[in-house]
Amino acid sequence: MMVFSGTSNLELAEGVAKHLGVELGNVRIKEFANGEIYVRFLESVRGADVFLVQSICEPVNSTLMELLIMTDAAKRASARSITAVVSHYGYARQDKKSAAREPITAKLVADLMTTAGVDRVIAMDLHQGQIQGFFNQPVNHLTALPILADYIESLNLDGCVVVSPDVGRVKVCKKLADMLGAELAIMHKGRPQHNVAEITYVIGDVADKVCIVADDIIDTGGSVTEGAKALVNAGARAVYVAATHGIFSAPAYERIEASPITEVIVTNTLPVPKERTGGKIRVLSVAPLLSHAIQNVYCNESVSELFDPDFQL
């Protein structure tokens, strides 16, 4: 087994390697003056099972291209197998045609990874589980929901309600509610344009309750902050937000700071600057989960044993 990291989330990759008890492999990644990416593995990968840890995050196009070039380099260096460990799958939000003449970028990314030479994908909380079907290779789809649930339980909150930010997240939120023994409520959200959300009403009883808004992604923070305001207006005692992927595009930090949200809980599938943590933002590590999945893949053992067999997002 050889584990290499791209440049997007080195801290996560180091955590994964530490839990596996291995050293990160030696790879040189740099950019030419015109922005083109150069990759060279500085040790032999011939016959090795190679795991490439990369988060497709800002700058999205560069981190995606970096993963593709690393894959190509490993394939041409005669690696036995190449597994892309994608903690955040960029371009996943365009997973279907919502209007005429639109692309399906999640499928395009899958095709690019396949063409580059990826043999297997380990992914974390895909925006839609159906993205697995865009690959003809095995996809191990992990979820951080149990990690988020364990942390929320440790807070010993009284009178919790898990709130789905829209109808599409109800199934996942119901699983989280079941884990916490909480009730479920649903917000109705409209999107008049990209990165703009409007909460029109709340379905369910949230009065004098502690609301846990659970989503997969926080990007500019518009949805969760508008949702928090709607829940407070509906009588919520406090609002927490839990999400796997904290993208935090501007002006997310300012919106969260100015909102009535008590705490935003995310994982380190994307890097969060240390100066942004410790206030309202709490970051949990998924390194133990990813390392366990890598170990099981490498040993040809079950990955689904990491979860309830019926736990499919």
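Analyst: First, the residue classes: Ala, Val, Leu, Ile, Met, Phe, Trp, Tyr, Cys and Pro count as nonpolar, Asp, Glu, Lys and Arg as charged, and the others, Gly among them, as polar. The model is predicted, with local features needing pLDDT of at least 70 and side-chain atom pairs pLDDT 80 or more, while totals for chains, interfaces and linings use all residues. Residues are numbered from 1 along each chain, and side-chain values use heavy atoms, without hydrogens or water.

User: By class, what lines the second largest pocket?

Analyst: A pocket is an open set of points on a 1 Å grid, with protein on both sides within 12 Å along at least five of seven lines; lining residues have an atom within 4 Å of a point. This pocket holds about 290 Å³. Among its 17 lining residues, Glu11, Val272, Lys274, Thr277 and Val283 are the closest to its centre. By class, the lining has 7 nonpolar, 6 polar and 4 charged residues.

User: How much space lies in the largest cavity?

Analyst: A cavity is a set of points where a 1.4 Å probe fits but cannot get out. The count is 1 cavity of 30 Å³ or more. His88, Asp125 and His245 are among the residues lining the largest cavity. Its space is about 40 Å³.

User: Which residue of E7 stands opposite Ala123?

Analyst: Strands are DSSP runs of at least two residues, numbered from the N terminus. Two strands pair if DSSP finds at least two bridges between them. E6 (residues 120-124) and E7 pair in the parallel sense over 4 bridges. Opposite Ala123 stands His141.

Key. Grid points are joined across faces, edges and corners, and a volume is the space filled by probe spheres set on the points.
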